[in-house]
Structures are given as C-alpha cells and as structure tokens.
Amino acid sequence: MNTHDNAQNSENETTRYDRMDIEQARAFDETASKIFAPIYPVIARQILDRTKVSRGVALDAGCGPAHLSLALAQESELKLFAFDASPMMLAIAYEHITDAGLVKRVVPVLGDVHDIPFEDNSIDLIVSRGSWFFWDNLDLAFKEMYRVLSPGGMTFIGGGFGNAQLKKEIHATMAEMDPEFSKGVSNRMMTNNPDRIKKELEKAEIQTYDLIQDDSGFWLIIRK
Ligand code: SAM
C-alpha cells in the first residue's frame with residue numbers, strides 16, 4: 001500500500017465516521033432545539049430548587065447539544081463543563097454556547113462518564129438528562145461521579161420532560177413523526193428502573209441518595 005492509499009483510506013474512514021455521527025448529532029439537535037426546547041429551563045429550575053447548588057462548578061454529563069448546560073448557566077452563577085463522548089455533539093454544543101454568548105461560563109469537554117477527566121472532589125453539581133440509558137456500566141459511572149463530586153456536592157441524573165403538560169405535548173408532537181417514540185421512552189425508563197438503580201448504587205457503595213419519580217421524570221440525587 002502506498003502513501004496515497006493510506007491517505008485515501010484514512011480520509012474514507014474519517015469521512016464515513018464523521019458523516020454518520022454528525023447526521024445523528026444534527027438529527028438529535030433538530031429535535032432538541034425545536035421540540036424539547038421548553039423542557040430545559042424547567043428542568044434547570046427543578047435542579048436548582050432541589051439541589052440548592054447555584055454556584056461553583058457543574059458538569060453536564062452526556063450534555064449532547066448542551067441545551068441543559070445553557071439553561072442552567074442562564075438561571076445560576078454556575079460555571080459548567082458540557083461533557084460528552086461524542087465530538088460531533090460537542091461541535092454542535094459549541095455553536096449553541098457561542099450563539100448564547102456563554103463561552104466563558106460553559107466549556108465543552110470530550111470524555112466518557114466511565115473515566116471522568118477531573119480531579120477528585122472538584123465538581124459541586126453533576127447533572128445529566130437522557131444519557132444514562134446509553135452507559136455501559138452504571139455502577140462504574142456512579143463511582144466516577146462520586147469520586148469527582150466535592151464534599152457537599154450533589155447529582156441530578158436521569159430523564160424527564162419537565163412536567164406533565166410538557167411531557168404530554170412532546171409525546172403528541174413526537175408521535176406524529178415517530179409512532180414508536182413513546183414506546184421507546186417507556187422501554188428505556190423500564191430498563192433504568194428504581195430497583196436497578198438501587199442495585200447499581202449498592203455496587204458502587206453509595207448510600208446517600210434519593211430517587212425522585214414524579215411528573216418531572218425519574219431522577220437520582222446523590223449527596224457526597
Ligand atoms: N443531555 C442532552 C439532552 O437532554 O438534550 C443529550 C441527551 S442524548 C439522548 C444522550 C447523550 O449522551 C449523547 O450526546 C451521547 O453522546 C452521550 N453519551 C452517551 N454515552 C456517554 C458516555 N459514556 N459518556 C459521555 N457521554 C455519553
């Protein structure tokens with residue numbers, strides 16, 4: 001194989017990988033920006049009301065296009081790391097962060113929740129919406145989160161659509177485009193059910209937590 005072939009192969013691989021990933025990321029952002037948009041400020045307010053952590057450093061784990069990171073930054077004095085395993089999601093996140101004029105407060109970071117690239121005891125608040133359904137090893141992710149949380153720090157991890165009204169409206173809009181949407185959401189919620197989450201927390205040796213299951217969704221608050 002000559003240099004030209006090598007260059008050609010590597011270009012094809014990059015192009016193929018990027019195109020798939022960017023299409024998925026753009027498709028998610030299209031839905032999040034147009035349909036899910038009203039839920040993020042509502043969830044941000046719930047996070048601030050329930051955790052009372054409104055300053056210091058926060059991590060949005062599996063931030064995607066960073067709508068929740070931005071809503072939290074706008075509602076608080078927090079400095080946020082918008083953290084995701086997908087470079088393409090982070091590229092889109094950076095567009096939104098720039099458009100919002102928040103480049104100094106919301107910083108994109110590439111990484112995996114199973115190996116969080118932050119020091120022990122360095123993060124005051126970890127939030128995460130709609131990402132834990134994709135994590136391979138929940139107990140390892142919880143251990144990592146507990147490690148980086150500062151003493152007195154809290155998490156708000158899970159999934160939800162803000163409140164009963166928003167959930168109803170979003171499910172109705174999504175059903176027009178994807179009749180399987182509601183089934184997909186409830187399947188994911190059934191997989192990460194309270195019993196499973198409790199078992200994973202036990203494996204991670206985390207005892208100080210609350211589970212919230214109401215119109216706001218299903219959320220895990222860990223306290224360190
Ligand atoms: N939190 C955003 C929201 O609610 O709009 C995005 C949710 S999106 C459904 C899930 C995100 O989790 C994706 O951006 C994906 O790349 C990210 N993700 C999945 N597994 C991850 C992991 N192991 N570490 C970090 N991010 C992950």
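Is F133 buried, partly exposed or exposed? Keep that in mind as you click through this predicted model, where local features need pLDDT of at least 70, side-chain atom pairs count only at pLDDT 80 or more, and totals for chains, interfaces and linings use all residues. Residues are numbered from 1 along each chain as its sequence is written, and side-chain values use heavy atoms, with hydrogens and water left out.

**Stop one: the ligand.** Select the ligand and the 18 residues around it; Y40, G62, D84, R129 and S131 come nearest. (A residue counts as near if one of its heavy atoms lies within 4 Å.) By class, this shell has 8 nonpolar, 7 polar and 3 charged residues.

Next, pick out some polar contacts, meaning pairs of N or O atoms within 3.5 Å. On D84, a polar side-chain atom lies 2.6 Å from an oxygen atom of the ligand. Y40 also places a polar side-chain atom by a ligand oxygen, at 2.7 Å. With G62, look at the backbone instead: an N or O atom there is 2.8 Å from a ligand nitrogen. The protein buries 88% of the 590 Å² that the ligand exposes when taken alone (Shrake-Rupley method, 1.4 Å probe).

**Stop two: the aromatic rings.** The structure holds 9 aromatic pairs, with ring centres within 6.5 Å (planes under 30 degrees apart are stacked, over 60 edge-to-face, the rest tilted). Select W132 and F133: their pair is edge-to-face, at 6.4 Å centre to centre and 70° between the planes.

Finally, colour by exposure (buried is under 20% relative accessible area, exposed over 50%, partly exposed in between; 1.4 Å probe, protein chains only). W132 is buried, at 1%. F133, at 22%, is partly exposed.

Methods:
A polar contact is a pair of N or O atoms within 3.5 Å; within protein, one must be able to donate a hydrogen and the other to accept it, and residues adjacent in sequence count only if both atoms are side-chain atoms. Ala, Val, Leu, Ile, Met, Phe, Trp, Tyr, Cys and Pro count as nonpolar, Asp, Glu, Lys and Arg as charged, and the others, Gly among them, as polar. Rings of Phe, Tyr and Trp (its six-membered ring) pair if their centres lie within 6.5 Å; planes under 30 degrees apart count as stacked, over 60 as edge-to-face and the rest as tilted.
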